[in-house]
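Biologist: I would like to learn how to read a model like this one, feature by feature. Could you take me through it, giving the general idea and then the case at hand?

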Amino acid sequence: MPGVVDYKNAYIGPDAATGQIFSTAAQAIKPAETGPRAGDLTGAFGTGVLLMEQNGKNPEEAWNATVRQIDSSIQ
């Protein structure tokens with residue numbers, strides 16, 4: 001894609017091959033494998049963080065609640 005590869009950005013450097021650098025890096029990205037329960041896991045971890053941030057649970061309590069939620073969702 002010439003428009004991407006030839007892109008330059010003055011913030012990064014006036015002569016930096018910004019498009020080429022990022023294009024090359026993007027080609028090396030491997031897709032993340034996700035299974036049918038990926039959404040359940042993401043939700044459980046998000047809930048665990050919210051338990052600490054908004055409900056004042058300590059990390060151990062939040063982790064235990066997260067594990068329980070994961071266990072119940074994958075059965």
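Modeller: Begin with the secondary structure, which in this predicted model comes to 4 helices and 0 strands. Read along the sequence, the pattern is α-α-α-α.

Biologist: What does the radius of gyration say about how spread out the chain is?

Modeller: The general idea is to set the radius of gyration, taken over C-alpha atoms, beside the value that the globule rule gives. Here the radius is 21 Å, well over the 11 Å that the rule gives for 75 residues, so the chain is more spread out than a compact globule. The box filled by the C-alpha atoms, taken along the principal axes, is roughly 50 × 30 × 15 Å. Buried residues make up 15% of the 75 residues, and among contacts with a separation of 6 or more, 24% are between residues 24 or more positions apart.

Biologist: How should I check the length of a helix, and what does helix α3 give?

Modeller: The expected span of a helix is 1.5 Å times one less than its number of residues. Helix α3 covers residues 38-55, and its 18 residues should therefore span 26 Å; the C-alpha atoms at its ends are 25 Å apart, which agrees. Just after α3 comes G56, which takes a positive phi of about 70°.

Biologist: Which residues of α3 are buried, and what do they pack against?

Modeller: For helices in general, there are 3.6 residues a turn, so residues three or four places apart point the same way. In α3 the buried residues are A44, G48 and L51, and the buried residues of this helix pack against α4. Leaving aside neighbours within four places in sequence, T66 is in contact with A44, F45 and G48.

Biologist: Where does G19 lie, and is it buried or exposed?

Modeller: G19 lies in helix α2, and at 5% relative accessibility it counts as buried. To read its surroundings, set aside residues up to four places away in sequence and ask what remains: G19 touches V4, V5 and Y7. The C-alpha atoms of G19 and V5 are separated by 4.3 Å, although the two residues are 14 residues apart along the chain. T18, also placed in helix α2, counts as buried at 4% relative accessibility. With its neighbours within four places in sequence left aside, T18 is in contact with Y7, K8, N9 and I12.

Biologist: What about F22: is it buried or exposed?

Modeller: F22 has its place in helix α2, and at 53% relative accessibility it counts as exposed, since that word is used for values over 50%. F22 and Y7 are 15 residues apart in sequence, and their C-alpha atoms are 9.8 Å apart in space.

Biologist: Which residues make the nonpolar surface patch?

Modeller: A patch of this kind joins nonpolar side chains within 5 Å, taken from residues with over 30% relative accessible area. In this model Y11, I12, I21 and F22 make a nonpolar surface patch of about 520 Å². One of these residues, I21, has its place in helix α2, residues 18-27. For the chain as a whole, the accessible surface comes to about 6,100 Å², of which 59% belongs to carbon and sulfur atoms.

Biologist: How many salt bridges does a search of the whole structure find, and which side chains meet there?

Modeller: The search finds 1 salt bridge, in which the side chains of D40 and R37 meet at 3.3 Å, N to O. For the setting of such a pair, read the accessibility of each partner in turn. At 31% relative accessibility, D40 counts as partly exposed, and R37, at 39%, counts as partly exposed too.

Terms used:
Residues are numbered from 1 along each chain as its sequence is written. This is a predicted model: local features need pLDDT of at least 70, side-chain atom pairs count only at pLDDT 80 or more; totals for chains, interfaces and linings use all residues. Side-chain values use heavy atoms; hydrogens and water are left out. Patches are made of residues with over 30% relative accessible area and no salt bridge: like charges are joined within 9 Å, nonpolar side chains (Val, Leu, Ile, Met, Phe, Trp, Tyr) within 5 Å. Accessible areas come from the Shrake-Rupley method with a 1.4 Å probe; for residues, only the protein chains shown count as cover. A salt bridge is a side-chain nitrogen of Lys or Arg within 4 Å of a carboxyl oxygen of Asp or Glu. Helices (H or I, at least four residues) and strands (E, at least two) are DSSP runs, numbered from the N terminus. Contact means heavy atoms within 4.5 Å. Buried means under 20% relative accessible area, exposed over 50%, partly exposed in between (1.4 Å probe, protein chains only). The radius of gyration is taken over C-alpha atoms; the globule rule is 2.2 Å times the number of residues to the power 0.38.
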